[in-house]
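Thanks for asking me to look this one over. Please have the model open beside you as you read.

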Amino acid sequence: MRQVRRQLLSLVLGVFVIAFAALGLAGPASAHDAAESTSPAQGASLAAPPNEVSVTFSNKPLGIGSSFSVKDAGGTEWADGSVQIVDNVATQKLRPGGPAGMYTVAWRVVSSDSHPIEGTFTFTAASGAASAGTPTAGSSTAAGAVPGMGTAQPGVTEEPSEPASAGEPFQWSIVIFAVVAVGLLVALGVIARRRLTGDGEAEDEGEPGDRAGV
């Protein structure tokens, strides 16, 4: 019986070891998304302000709740329009005519697991960009079309026609734990039953000999 108890204890310990290992493997899959790079890069020095800024993430952010703020050293906002998300890249257009100097970009998105993440980065422009009234070659602004110069607002993503689900992601680690635990417990019961049945049969086989000896 002591051997049976030791085997049962070993199986119980095995259940916990395998369960913790399964949870450890499933843990990274449920980690929040992270920013991998920015454009311009953090602390970059440019000849002039760019037409847009962007952040590349480890996974595609949700299409709701994203915002960018791009301000110059004087606090003027240069973000123009809504944030565009393509694959795992969030992009914010900038108004033309930005001055020389340092710019601070503050971004916020909702990651694929529905948790908001945010961050900041800076870059510097050596000279000012072309004014809004003087389109440069290759500019997407049509001739004669001058962007409005009212109070600038940070870019915010528009609500999609069918909002993406903001529910929590399915926790596969729980399923893995349950399957492993149930499987090992079933095996534990089968082995214990066989052991007990075997001990009973051994005792039955020993009885005739005991009686014969008497």
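Here are my notes, point by point.

1. Ground rules. This is a predicted model, in which local features need pLDDT of at least 70 and side-chain atom pairs count only at pLDDT 80 or more, while totals for chains, interfaces and linings use all residues. Residues are numbered from 1 along each chain as its sequence is written, and side-chain values use heavy atoms, with hydrogens and water left out.

2. Overall layout. The chain has two helices and nine strands, in the order α-β-β-β-β-β-β-β-β-β-α from the N terminus. Helices (H or I, at least four residues) and strands (E, at least two) are DSSP runs, numbered from the N terminus. Of the contacts (heavy atoms within 4.5 Å) with a separation of 6 or more, 67% are between residues 24 or more positions apart.

3. Surface. The chain has 214 residues, and 25% of them count as buried. Buried here means under 20% relative accessible area, exposed over 50%, and partly exposed in between (1.4 Å probe, protein chains only). The accessible surface is about 13,400 Å², with 59% of it belonging to carbon and sulfur atoms; the areas come from the Shrake-Rupley method with a 1.4 Å probe, and for residues only the protein chains shown count as cover.

4. A residue to look at: glutamate 77. It sits in the loop between strand S4 (67–71) and strand S5 (84–86). Glutamate 77 is buried and has no salt bridge, and the nearest side chain of opposite charge, lysine 71, is 4.8 Å away. For the charges, Lys and Arg count as positive and Asp and Glu as negative, with His and the chain ends not counted.

5. The salt bridge. The rule asks for a side-chain nitrogen of Lys or Arg within 4 Å of a carboxyl oxygen of Asp or Glu, and the count comes to one. Lysine 93 pairs with glutamate 52, with the closest N and O atoms 2.8 Å apart. Lysine 93 is in strand S6 (residues 89–93) and glutamate 52 in strand S3, so the pair ties together parts 41 residues apart in sequence. Lysine 93 is partly exposed at 43% relative accessibility, and glutamate 52 is partly exposed at 34%.

6. Aromatic pairs. Rings of Phe, Tyr and Trp (its six-membered ring) pair if their centres lie within 6.5 Å; planes under 30 degrees apart count as stacked, over 60 as edge-to-face and the rest as tilted. The count is two. Phenylalanine 57 and tryptophan 107 have ring centres 5.3 Å apart and planes at 75°, so this pair is edge-to-face. Both phenylalanine 57 and tryptophan 107 are buried. Tyrosine 103 and phenylalanine 123 are stacked, at 5.2 Å centre to centre and 5° between the planes. Tyrosine 103 belongs to strand S7 and phenylalanine 123 to strand S8 (residues 116–125), 20 residues apart.

7. Threonine 38. This residue lies in strand S1 (residues 35–39) and is partly exposed at 25% relative accessibility. Beyond its neighbours within four places in sequence, threonine 38 is in contact with Ser54, Val55 and Phe121. Its C-alpha atom is 4.4 Å from that of valine 55, 17 residues apart along the chain.
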